[in-house]
Structures are given as structure tokens and as C-alpha cells.
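Welcome! Here is a short tour for anyone meeting this structure for the first time.

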Amino acid sequence: MTRLINNEDGSDLMVSDAAGQIALPAPTLAPVAVPEVGTGKPARHGKSRWPARLDLLQSATGLFLALFLMAHMFFVSSILISHDAFYYVARFFEGEFFLGKPYPILVSGVVALILTIFVAHAWLAMRKFPAGYRQYRAFVAHKNNLRHGDTSLWWLQIWTGFALFFMATIHLYDMLTQPALIGPYESADRVWTGNMWPLYLMLLLAAELHASIGLYRLAIKWGWFDSAKPNLSRRRLRWAKHGISAFYITLGLVTLAAYVDLGRAHVDKAGERYVPTHLSAPAATGKH
Amino acid sequence: MISILRRRPKPGTPRRITLRILRHNPADPASTPHQQDFLVDEAEGMTLFIALNEIRATQDPSLQFDFVCRAGICGSCAMLINGRPSLACRTLTQDLGDVITLAPLPFFELIGDLSVNTGKWMRGTSERLQTWVHNDAPVDLDALEAPMAPADAEAIYELDRCIECGCCVAGCGTAQMRERFVGAIGLNKIARFRIDPRDTRSDEDFYELVGDDDGVFGCMSLLGCHDVCPKQLPLQTQIAFLRRKLAIVGLRGD
């Protein structure tokens, strides 16, 4: 490749100065491929491929978690249909309909996978956090000056993501260690008698906001759903984002309210396992 | 401000606007950054370019700011207008409130008051990203120039409309935190040379220039660049396109 000026040490125009502008050295191109010692394979002296892979991985893990979250919300909200509906969803994931009897360890397995992807995503996304006070101040000042929707949304994403480090971990650990205790009474008791509802409330808001902003950002970042006019596609994506946030937060709040309601009604018998309608003799329990 | 709520002056009396300008001369050790108010009677069709020149001509000849073309082509007059990067020559005072704050573009070296040395950064970025046609084929000056597909020429022309004003870098949250980030302008230039059929560089070569967290993978898609670009360049789509192409290089490995 040709170079405009033959100055091997970078441009003398680019020396750092009193205003704090840092030197931007021109990269040395046309690397000479020297055979690696021992293997005889020519070594590549170029840039590492890992920034690209890490960027892809961050997007892929985020996409997976967001889609999982959406599916998860539908499973959990089956309590709104009936107690039995949620009971069967829970047994389904324990493999009862394939293996003949429930194996809660399967749920632990799925949770372990989610936890792994969650930790990977947190680690990858953390690279983008402001590092140190100077970067933090610079971004906050910039955000407040610019008053720009997408810039401010990112700040919300940072903080909801930060909150998820802790809140989602508590929930995931709970599910990992007690996979058998997922059912209408079991979950409702956890929510109310187990005092988990404040956590679930905050977790719901943080997770749904983080996921919908993240999906929106993914579409922008990789150019999905592009139209001929970028501003038009962006407007559509923004509406989709608002819609997803509103729908899932509403569904989540209603679902949480249903569990709180059930948990309060069941407080005297907290710890009792749920028995589905077709197994419970109506005369014995008096309900269902 | 919502225009319908704005107090309208009586017809015939010009509105009196306040330009609140951040003043500082880094060459003067005694100078400290401070804001100074200037009152100007608004004229019809007045741009900030006209207002600033009036201040310099009638109130304070020491006020520093840059202008060349006064038509949104040279890119010299970019500044923070009420906190947002924009071109002063293309901003009508009638679209703004009674108090207009002006500050120099952040990120770039300050020359004085509203004047910043964008050229120095642009030059450095150009050298760093090698933004010129790379072609080692011997040139035959007697031969006809190879034709270019009209669609390619149009696409190049579209991206070449960049005036290097620096608004995109000043509007970029990533660049505020990480000074080595090439910004939308750098990525746009790479996208431009990638289209150019005369440029023989491959995606692997472009990866060497912007395939890291200072380049396209550092972009967090905050779109400040896209939204403040005074030339309405399609920066959002260009960066997404480049990201897809260079991600493929990353996946291919060597």
C-alpha cells in the first residue's frame, strides 16, 4: 500500500499538546509475514480478530437473553390463564411429558446455561462501561448537553444492566438451587411469604427496559429492518421498542400482581405443594 | 421552546437576543474560561454567522470564531449551539430562544473562544486511516480513465459530501469517553473508499485500519453523529454496513 508521506514515526503534526489532544499514530501497514518459529506457518502480523468476535458475541448473547426473557414472560404469565396452566408449563420444563415423571434437574440445567450466557454477556458489555471518573464525567456532561434520545437511552441501559448484575443473579441462583419449587403455590409463596416481590418488581422493570433498549440497539447496530430512509426505519424501530417495553412491563406487572394475590391468599398454608385439578378430589380440598 | 408559547415582539421592533459565548484564550496564561453575554438586535433571516460578525465588528474585535463559506460547505463554523453541535452559518436565530449559548466544539484542540483546530485532528485521522485511493498499478497517462458505474459514482459522491466539520465527533458519546475512537467521520471515509473501484484494498486491509475498539467495533450506536450531521449523511447505515463486513473478516480468522 502507498503512503501519503513517508514518515515512519507517524506524523509530526500529531504530537500531543497542551490542549490534551493525543497523538494518533498512523498504523504501519503491509506487514511482513515472518514464518512462525517451529511451525513454518506464516504468522499474521495484523490486527487481532478478537474485537470483531467479542462484538459479535456481545450482540449474540444479548439477543439470546432478550428472546429468552420474552419467552420466559409468556411462561410465567400462564398463571393468568389458570393455576393448572402454569402448573403444566412448569412440569413441561421438567420433562414430565417426555420422560414420564418430572426431573427438576433439567430446569437447573437450563438455568445453568442461562447463567453462563448472562455472565458472558455482563463481562462483554462491561467493556463499554465508562472506565474511571474522567470517562464517567465526560459522558454525563455530554449527555446533559446534547439532550439526545439515543444517547440518554444508553445511560439507562448502563444502569439497568448494572442493576441486573445483582438482581438477576439472585433470581438465577434461586432457580438453580430450587428448581422443583416452581408451581402456582410454590411460586406465589416465594413471591409473597418469601418476600421476593420487591426484587421481582425491580428486576422486571430493569430487565424489560434493558432488553427492549438492547434489541433496538442491536437492530440499529447491525442494520436490521433497514428501509431506504434510515430515519424512517429508526422511527419504526423506536415505536417497536416502546411497544415491547410497554407490553412486557404491563404483562409482568399484572402477572406479579396475580402471584402476590395468590401468595397472600395462601399465606396460611405457605409451603403446601400445588396439586392439579384432575388429581385433587374436589371433596378433599374443597377447591379446584 | 414550543414556538407558539414564545413571546412575540411587537411588529416593527426587532427582537433583542442574547448570545452567551464561552470565552477562553489558551495562549494567554491569565485567561480563564468564562461566559460572556452579547446583546444583538435580530434582523430578518439572521444567522449566527451574521450575529457573530456583528458582535466582532461593533462590540468586541477580540472574539475568535471561524468562518469561510457561510453556506454550509466549508465546515469551519461548527460549534455547540445550545449544547448541540451544529453549523453556525446554517442556524437561523429565529429558530432559537432569546438566549443562545455558544461554546466551542469539545474534543478538538481549542484555538480560542469558538475556534477549534478540527483540521489537525482531521489530518491525523486521514493519515491514520489512509483515506486515499490505494492502487499500485502503473499509471498510463495516455490511456483513457477507466469508467466507473454510475451507481458507484453516486454512492461515493453521497459519502464524499462530508465537510469534515467535526459535528459527528462532538456529538459522539463514545468519542467523549475514548479519545482514540475514529468517530463517524473516519468510518464514513472507510466506507467511501470501500465502494471506490479504483481502490484495491480488501476488507482484510480495512480491518487493519478500523477493526478494533478504536474503530467500528467501538461504536455503541448512540447515533449522536447521525442526528447532528449538518449534511444529513447516512452515517447510521454506513457504520452498520461496515460493522457487518468487518465482522465477517473477524469470523473468517486469518
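**A buried helix in chain B**

In helix H2 of chain B, the buried residues are Thr118(B), Lys120(B), Trp121(B), Met122(B), Gly124(B), Thr125(B), Glu127(B), Arg128(B) and Leu129(B); buried means under 20% relative accessible area, exposed over 50% and partly exposed in between, with a 1.4 Å probe and protein chains only. This is a predicted model, in which local features need pLDDT of at least 70, side-chain atom pairs count only at pLDDT 80 or more, and totals for chains, interfaces and linings use all residues. Residues are numbered from 1 along each chain as its sequence is written, chains are lettered from A and ligands numbered from 1 in the order in which they are written, and side-chain values use heavy atoms, leaving out hydrogens and water.

**More on helix H2(B)**

- Nine of the 12 residues of H2(B) are buried, so this helix is largely enclosed by the rest of the structure.
- The cover over those buried residues includes strand E6 (109-112), strand E7 (115-117), helix H4 (167-170), helix H6 (183-195) and helix H7 (203-210) of chain B. Helices (H or I, at least four residues) and strands (E, at least two) are DSSP runs, numbered from the N terminus.
- H2(B) covers residues 118-129 and reaches 16 Å from its first C-alpha to its last, close to the 16 Å expected at 1.5 Å a residue; the expected span is 1.5 Å times one less than the number of residues.
- Just after H2(B) comes Gln130(B), with a positive phi of about 50°.

**The sheet of chain B**

- Five strands of chain B make an open sheet with mixed pairing, in the order E2-E1-E5-E3-E4. Two strands pair if DSSP finds at least two bridges between them.
- At the edges stand strand E2 (34-41) and strand E4 (84-87) of chain B, each with a single partner strand, so one side of each is left without a neighbour in the sheet.
- From one strand to the next, the twist averages 35°.
- Strands E1 (residues 16-23) and E5 (residues 99-103) of chain B run parallel and are joined by four bridges. Ile21(B) has Leu102(B) in E5(B) as its bridge partner.
- Helix H1 (residues 48-58) of chain B lies across E1, E2, strand E3 (78-81) and E5 of chain B, at about 75° to E1(B). Axes are lines fitted to C-alpha atoms, for helices over the stretch in contact, and angles run from 0 to 180 degrees between N-to-C directions.

**Chain B as a whole**

- Chain B has nine helices and seven strands.
- Of its 254 residues, 54% count as buried.
- The C-alpha trace of chain B spans about 65 × 40 × 40 Å along its principal axes.

**Two buried residues in chain A**

- Ser212(A) sits in helix H8 (residues 197-222) of chain A and counts as buried, at 2% relative accessibility.
- The side chains of Ser212(A) and Ser245(A) are joined by a polar contact of 2.5 Å. A polar contact is a pair of N or O atoms within 3.5 Å; within protein, one must be able to donate a hydrogen and the other to accept it, and residues adjacent in sequence count only if both atoms are side-chain atoms.
- Glu94(A) is found in the loop between helix H2 (83-93) and helix H3 (96-99) of chain A, and is buried with a relative accessible area of 2%.
- Glu94(A) and Leu106(A) are 12 residues apart in sequence and 5.7 Å apart in space, C-alpha to C-alpha.

How values were computed. Contact means heavy atoms within 4.5 Å.
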